[in-house]
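Please keep the sequence and the model in view while reading.

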Amino acid sequence: MRFDDFFLESHDMDVFFQQYGVKCILPVHCATFGSLLPEEMNDVDYYNCCVTAIANMPYRYTPDEIEIEYENVNYLLGEHNEQSHLTFNERVTAYIRTFVNMACRGFWSYDRFHSAHLEPEPEDKRFILIAHPRIVSQDNLQIKLRTCNEIILIDNINKINNK
């Protein structure tokens with residue numbers, strides 16, 4: 001069964017798949033920020049299976065073994081935009097929590113690309129890297145992930161700014 005488009009556009013969901021890297025296959029987590037899902041990911045049973053398995057998955061890395069892409073985080077949060085009762089550092093800490101959690105489980109964790117404090121464009125399928133393990137392990141994650149080629153994964157904000 002598929003998710004309804006209205007449901008997808010009104011929820012920030014976590015999507016899991018594998019992506020072929022240069023030397024290995026990477027497990028990927030993307031926070032959708034209310035976007036539609038690629039056809040191969042729009043499956044309620046697959047989503048529920050992934051969420052359940054990953055919630056029960058042990059950490060493979062400690063937070064010290066995780067790389068946070070602070071330049072990307074600063075861009076998405078709007079480093080110089082203080083429209084909150086929280087300090088910028090408090091906002092960063094709250095924002096990266098989920099991405100670090102996923103990276104500790106072995107995922108390369110992305111958020112949907114958008115400008116600070118603006119909704120993403122509905123047709124924009126770009127996702128930007130937030131956190132990942134410093135060392136890539138080829139250990140089996142004990143979960144079967146689908147492959148997705150429709151989502152565009154961006155490692156660094158400079159790839160966007162230098163185009």
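Predicted model: local features only at pLDDT ≥ 70, side-chain atom pairs only at ≥ 80, totals over all residues.

Residues are numbered from 1 along each chain as its sequence is written, and side-chain values use heavy atoms, with hydrogens and water left out.

The protein chain contains five helices and six strands; helices (H or I, at least four residues) and strands (E, at least two) are DSSP runs, numbered from the N terminus. Along the sequence, these elements follow the pattern α-β-β-α-β-α-α-β-β-β-α. Of the 163 residues, 47% are buried, that is, under 20% relative accessible area, with exposed meaning over 50% and partly exposed in between (1.4 Å probe, protein chains only). Among contacts (heavy atoms within 4.5 Å) with a separation of 6 or more, 74% come from residues 24 or more positions apart.

Two packed helices are described by the angle between their axes and the distance between the axes. Helix H3 (residues 70–77) packs against helix H4 (residues 88–104) at about 110 degrees, with the axes 11 Å apart; axes are lines fitted to C-alpha atoms over the stretch in contact, and angles run from 0 to 180 degrees between N-to-C directions. H3 is therefore roughly perpendicular to H4, a term that covers 65 to 115 degrees. On the H3 side, Tyr70, Val73, Asn74, Leu76 and Leu77 take part, and they meet Phe88, Arg91, Val92, Tyr95 and Ile96 of H4.

The largest nonpolar core comprises 28 residues; such a core is a set of buried Ala, Val, Leu, Ile, Met, Phe, Trp, Tyr and Cys residues joined through side-chain atoms within 4.5 Å. Strands E1 (14–20), E2 (25–31), E4 (108–112) and E5 (126–133) each give two or more residues to this core, as does helix H2 (44–55). The most, five residues, come from H2. A second, separate core of 21 residues includes Leu76, Phe88, Ile128 and Ile157.

Which residues have the most contacts inside the largest core? They are Phe17 and Ile54. Leaving aside residues up to four places away in sequence, Phe17 touches several residues, including Leu26, Val28, Met41, Tyr46, Leu145 and Ile151.

Gln19 lies in strand E1. Its relative accessible area is 19%, so Gln19 is buried. With residues up to four places away in sequence again not counted, Gln19 touches Cys24, Ile25, Leu26, Val28, Cys148, Asn149 and Leu153.

Methods: Parallel < 35°, antiparallel > 145°, perpendicular 65-115°, else oblique.
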